[in-house]
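This note comments on the charged side chains of the structure shown below. Please read the points with the structure at hand.

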Amino acid sequence: MFRLSLKMTLARKGRLLLTSLAIILGTSFLAGTSIFSATVNSTFDRLFTDVFRDVDAYVRSTSSVDTGFGEQRAPSPISALETILGVKGVSAAVGDMQSYARVIGKDGKPLGEDQGPPTFGSIASSSAAGLWNVETGRLPIGPKELMLDRATAEAGKFVIGDTVRVNALSGTREFSLVGIANYGDVSSPGGATFALFDQPTASEFLLKPGFVDAFLIQGDGTLSDEALAKAINSALAPSDKLETLTGAQITEETTSQIKTVLGFFTTFLTAFSFIALGIGCFVIYNVFSITAAQRQRESALLRAIGASRRQVTNSLIVEAIVVGLIGSTLGFILGIGLSQALSALLNAIGLEIPTTGLTINTNAIFSTVLIGTVITTLSAILPALRSGRVPPLAAIRETALDVVTGLTRRVIIGLVFMILGVVALVASINGAEVIFLGLGVLAVFAGVLVLGPAISKPVAMLLGKPVAKLRGVTGAMSQQNAARNPKRTARTAAPVLIGVALVTSFTALAASIKGEIRESIGSSFRGDFALSVNSRGFGGIPTSVTDKVDQLPEVQTATGVGFIAAKVGDESPFILVFNPKTAEGLYNLEMIEGRQSDLGKDEIFLEQDKSIEKNLPVGSKVQVTLIDGRSIQLKVAGTYKNAYGNYAVSRELFEGVATPLFDSFVYISTNTNVSDENARKAISAISADLGVGTLESRDEYIDSQAAQIDQFLALIYGLLFLSVIIAIVGIIITLLLSVFERRHEIGLLRAVGMTRSQVRTMVRWESVITSLFGAVTGVLLGIVTGVVIVVSLNESGISAFTLPITSTIFILIGSFIIGVIAAVFPAWRATRTEIISAIASA
């Protein structure tokens with residue numbers, strides 16, 4: 001039986017290919033993500049091992065704030081360098097820095113994108129402990145010279161001798177380019193841009209005179225790295241608040257931080273690969289149901305000559321295993337190409353992954369093939385069991401028949417899932433853990449899918465009414481064909497349903513967030529113009545630029561709003577920083593208690609719900625630890641709602657300290673006697689000249705901030721595209737079965753005069769009705785899911801659900817197009833049915 005099963009499987013190569021296609025697509029995404037992740041991890045392991053190969057110890061501040069994507073640390077006093085150099089066992093030491101610096105191109109535009117890799121300023125040194133290697137030219141000396149990394153120099157078309165303008169914490173300056181450098185063996189790590197200075201210039205321009213971020217140390221070989229680190233720690237003054245790591249420790253920590261950041265991306269991709277695999281399960285299940293129907297005569301003959309039910313069932317399981325092995329193996333091979341496409345995508349957006357090849361782990365091969373084979377086998381179990389139950393006499397016929405059984409049990413199970421899902425969603429809405437939201441949505445999806453066969457017939461008849469009226473007899477036959485087998489229609493529509501539901505829910509969530517952004521910014525920002533930069537917590541608009549704009553005669557007031565990492569109580573959030581003296585009337589917090597303009601240097605505002613959650617009413621004190629290590633008691637002076645961040649402090653808190661402070665937004669109101677055109681020119685003369693930020697009118701600014709959600713939505717659409725392909729494959733396979741089952745019927749229709757064009761029309765509209773059934777059900781389910789998610793996120797600031805009507809209409813139109821595309825090949829096959837042989841097949 002095993003040999004017979006293999007021969008029967010390999011004999012139908014077309015069906016084998018179509019069956020494998022769903023699992024190939026699903027596993028390729030999973031394999032590509034796994035290979036990409038392994039390649040990135042091994043690449044950065046090699047890169048930083050090489051970069052820090054001559055670093056035996058690393059000294060940094062003990063004062064830090066965890067941002068969730070790594071730690072931000074206080075600067076270190078350069079005076080400690082002399083102490084470090086005096087430690088026995090130290091042969092070289094140099095200050096290191098990675099602060100914000102933006103290189104301005106020759107065209108006046110900043111190099112690097114706001115959405116791309118960070119833009120750094122750092123130290124170039126002749127010390128053996130330094131990280132940078134001079135490729136051409138020489139090291140910078142003095143306050144008028146700089147060196148660029150090779151990638152930045154090439155991007156800006158700079159050559160040695162050119163004048164280069166750079167923006168940093170202290171403002172904007174021009175330097176003479178005296179050298180080009182490499183970071184280890186790559187032109188720039190991760191595609192970041194680097195402007196390199198000598199230590200005194202870097203400290204004064206990028207941070208604060210007399211401070212660096214850390215120290216790189218090289219030993220003389222007389223001590224082990226651990227002993228050297230211990231000796232340096234013993235020599236450092238406790239008042240400096242410094243600690244020493246070994247070279248291996250800083251290498252591991254740096255690599256781990258990059259892996260953490262990229263890990264979010266790979267986890268995101270992995271989640272969508274499993275969504276694609278899940279959708280593929282429905283297609284595989286449907287395909288094997290088709291296989292069982294097509295092989296009824298074969299199964300009956302096997303039973304008639306003595307094969308047991310178990311043997312017949314096992315024959316289909318063997319086919320599933322073969323399909324799983326072939327499909328997942330081909331999927332892994334396709335995943336290799338997909339991983340290279342992901343690297344190319346990151347390079348295209350400016351995030352250089354300095355790979356020299358692919359890292360393919362044995363575990364990745366094994367897990368991909370195992371997952372693909374197991375999923376395929378599990379999806380085939382029920383069809384295989386049904387195949388084994390085929391009565392020999394009832395099944396000996398030429399035409400396949402996918403039997404429709406009672407739906408009562410299915411309805412009961414579906415309703416139980418729905419009820420459990422609703423209970424979990426209600427619990428989530430009322431403050432339960434987020435896991436209840438996930439389980440509730442999953443249970444509701446499962447309930448709808450289980451109920452699918454019970455609702456597919458009436459829905460298909462309803463959707464088919466316009467088709468019947470529009471296309472006459474062929475339209476009516478399409479309607480009846482879609483409704484005649486509710487289980488098959490529901491199974492075929494399931495991938496479309498899931499994909500459309502996910503797209504609709506994400507679209508609705510994005511529309512709701514955009515609406516909230518518009519409402520929040522519209523209510524807080526009352527000015528005429530906004531200067532903004534998407535800094536993502538690193539760098540931004542120097543406060544000196546904000547002050548320059550405020551001093552323009554065309555400007556009445558300009559106020560900056562920024563964010564900085566700090567530890568508030570037991571949390572480490574980004575807190576909002578603004579100037580209460582200039583913000584009034586320009587940037588207004590929706591105050592519940594207290595007055596915005598009264599916020600003092602030693603005071604803090606709390607978001608209303610956070611104040612209640614932490615039991616910090618107005619008048620109470622809260623401990624705040626800043627990046628520079630200062631730990632201060634701030635008095636709660638007021639509460640607010642509907643604003644970015646849960647905490648807000650005055651810009652005065654950071655005056656005269658080493659903590660770098662930037663504005664993310666500058667809100668501007670112009671004098672009443674100045675036209676918008678003149679005001680824009682005056683402000684642009686500063687912002688454009690410095691290459692800082694994007695200047696927009698109030699309406700333009702609100703639109704651009706809301707539009708940032710569209711980038712996330714585009715990514716979601718792109719990742720779900722693979723699921724759409726799998727859904728199309730599922731519809732194609734099902735229609736092919738439908739054509740096979742109705743050979744006799746199609747032969748008779750052709751014999752009495754139906755043209756090939758009418759046959760194509762009949763099959764095409766059946767596909768459209770099936771696709772629209774999945775789309776309509778998916779849209780309704782997606783809207784419900786979107787509403788629940790928005791309500792559950794109410795505490796996060798999303799207070800109103802917005803239905804994206806236009807996007808929903810486009811989703812339905814897209815589903816119509818999917819139905820038409822999926823019907824092309826099955827319709828063509830239907831027209832190739834030989835009339836005489838088809839009639840004789842009854």
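1. Is Lys 106 buried or exposed? Lys 106 is exposed, because its relative accessible area is 54%. (Buried means under 20% relative accessible area, exposed over 50%, and partly exposed in between, with a 1.4 Å probe and protein chains only.)

2. The model is predicted, so local features need pLDDT of at least 70 and side-chain atom pairs count only at pLDDT 80 or more, while totals for chains, interfaces and linings use all residues. Residues are numbered from 1 along each chain as its sequence is written, and side-chain values use heavy atoms, with hydrogens and water left out.

3. The side chain of Lys 106 forms a salt bridge with that of Asp 162, at 3.0 Å from N to O. (A salt bridge is a side-chain nitrogen of Lys or Arg within 4 Å of a carboxyl oxygen of Asp or Glu.) Lys 106 sits in the loop between strand S6 (99-104) and strand S7 (119-123), and Asp 162 in the loop between helix H4 (150-156) and strand S10 (163-168), so the pair ties together parts that are 56 residues apart in sequence. (Helices, H or I of at least four residues, and strands, E of at least two, are DSSP runs numbered from the N terminus.) Asp 162 is buried, because its relative accessible area is 18%.

4. A second salt bridge joins the side chains of Asp 703 and Arg 518, at 2.7 Å from N to O. Asp 703 belongs to helix H19 (residues 698-741) and Arg 518 to helix H14 (residues 486-524), so this pair ties together parts that are 185 residues apart in sequence. Asp 703 is partly exposed, at 37% relative accessibility, and Arg 518 is partly exposed, at 37%.

5. Within helix H17 (residues 608-613), Lys 610 and Glu 613 lie 3 residues apart, about one turn of the helix. Their side chains meet in a salt bridge of 3.5 Å, N to O. Lys 610 counts as buried because its relative accessibility is 8%, whereas Glu 613 counts as exposed because its value is 54%.

6. Salt bridges with shared partners link Arg 60, Arg 73, Glu 243 and Glu 253 into one network. How many salt bridges are there by this rule? The count comes to 16.
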